[in-house]
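Q: Got a model open here. Can you walk me through it, one topic at a time?

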Amino acid sequence: MKSFKLINQSLYSYDGVIKEYIDRYKFQGDYRLRKLVATQITELIKKYEVVVPIPINQVTMGVRKFNQVTGWLEEVNYTMVLTAKPKLKAQFQKNRSERLQTQQPFAMNEKYVEMIKQKQICLVDDIYTTGTTLHHAAQLLLDNGAQSVRSITLAR
């Protein structure tokens, strides 16, 4: 992966109440909780030309029944520019070393390639841990013509 500086803004530290919130929302499936932070996230991303949520793969969608990131974006125009490739192990199941060695987990949704050219993109994800997921996504967008990429995460 090429080296570049990805600017990320997180709303909260990943501890205490936020850790509990993410566990209940994302892993226990309490979808109603999406509304608790949706307005804060919407305020941060509304200035960007293109909003791109980090996708989840089909297996995760089958189990969880929702993408935790798009749940927060109901009031926002976003585009599923990226698709998630199938994976053997979820990020939260990997240690730091395994996360840093992750190969490109995304592919471009070809129908949106022209849409991102020379645009300022805002990636949205739930947790910034090592930054690997967001760096992979940003690199793919930049390689396909995005002018710039920044990211917003709920927690870090």
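Q: Which residues of helix α2 are buried?
A: Two ground rules before that. This is a predicted model, so local features need pLDDT of at least 70, side-chain atom pairs count only at pLDDT 80 or more, and totals for chains, interfaces and linings use all residues. Residues are numbered from 1 along each chain as its sequence is written, and side-chain values use heavy atoms, with hydrogens and water left out. Now α2, residues 35–45: Val37, Ala38, Ile41, Thr42 and Ile45 are buried.

Q: What are the cut-offs for buried and exposed?
A: Buried is under 20% relative accessible area, exposed is over 50%, and partly exposed is in between (1.4 Å probe, protein chains only). Helices (H or I, at least four residues) and strands (E, at least two) are DSSP runs, numbered from the N terminus.

Q: Back to α2. How do its buried residues fall, seen down the axis?
A: The buried residues are Val37, Ala38, Ile41, Thr42 and Ile45. They fall within an arc of 145 degrees, so they line one face of α2. The arc is taken from the directions from the helix axis to the C-beta atoms. An α-helix has 3.6 residues a turn, so residues three or four places apart point the same way.

Q: And which residues are exposed on the other side of α2?
A: Leu36 and Thr39 are.

Q: What covers the buried residues of α2?
A: The cover includes the helices α1 (16–27) and α4 (68–72). It also includes the strands β1 (7–12), β2, β5 (120–127) and β6 (148–155). Contact here means heavy atoms within 4.5 Å.

Q: New topic. How many salt bridges does the structure hold?
A: Five. The criterion is a side-chain nitrogen of Lys or Arg within 4 Å of a carboxyl oxygen of Asp or Glu.

Q: Which residue does Lys26 pair with?
A: Asp126, at 2.7 Å, N to O. The pair links distant parts of the chain: Lys26 is in helix α1 and Asp126 in strand β5, 100 residues apart. Both Lys26 and Asp126 are buried.

Q: What about Glu74, which partner does it have?
A: Arg34, with the closest N and O atoms 3.0 Å apart. Glu74 sits in the loop between α4 and β3 (82–84), and Arg34 in the loop between α1 and α2, so the pair ties together parts 40 residues apart in sequence. Glu74 is partly exposed at 42%. Arg34 is buried at 11%.

Q: Which residues are joined into one network?
A: Arg24, Asp30 and Arg32, through salt bridges that share partners. In the bridge between Asp30 and Arg24, the closest N and O atoms are 3.0 Å apart. Asp30 is buried at 13% relative accessibility, while Arg24 is partly exposed at 36%.

Q: Switching to Asn57. Where is it?
A: Asn57 is in the loop between β2 (50–53) and α3 (58–64).

Q: Is Asn57 buried or exposed?
A: Buried, at 6% relative accessibility.

Q: What does the side chain of Asn57 reach?
A: One of its polar atoms lies 2.8 Å from the backbone nitrogen of Thr60. Leaving aside neighbours within four places in sequence, Asn57 contacts Ala84, Lys85 and Lys87.

Q: Last one: how many of the twelve residues of α7 are buried?
A: Ten, so α7 is largely enclosed by the rest of the structure. Among them are Leu134, His135, His136 and Leu140.

Q: And what follows α7?
A: Gly145, whose phi is positive, near 105 degrees.

Conventions:
Polar contact = N/O pair within 3.5 Å; in protein donor to acceptor, adjacent residues only side chain to side chain.
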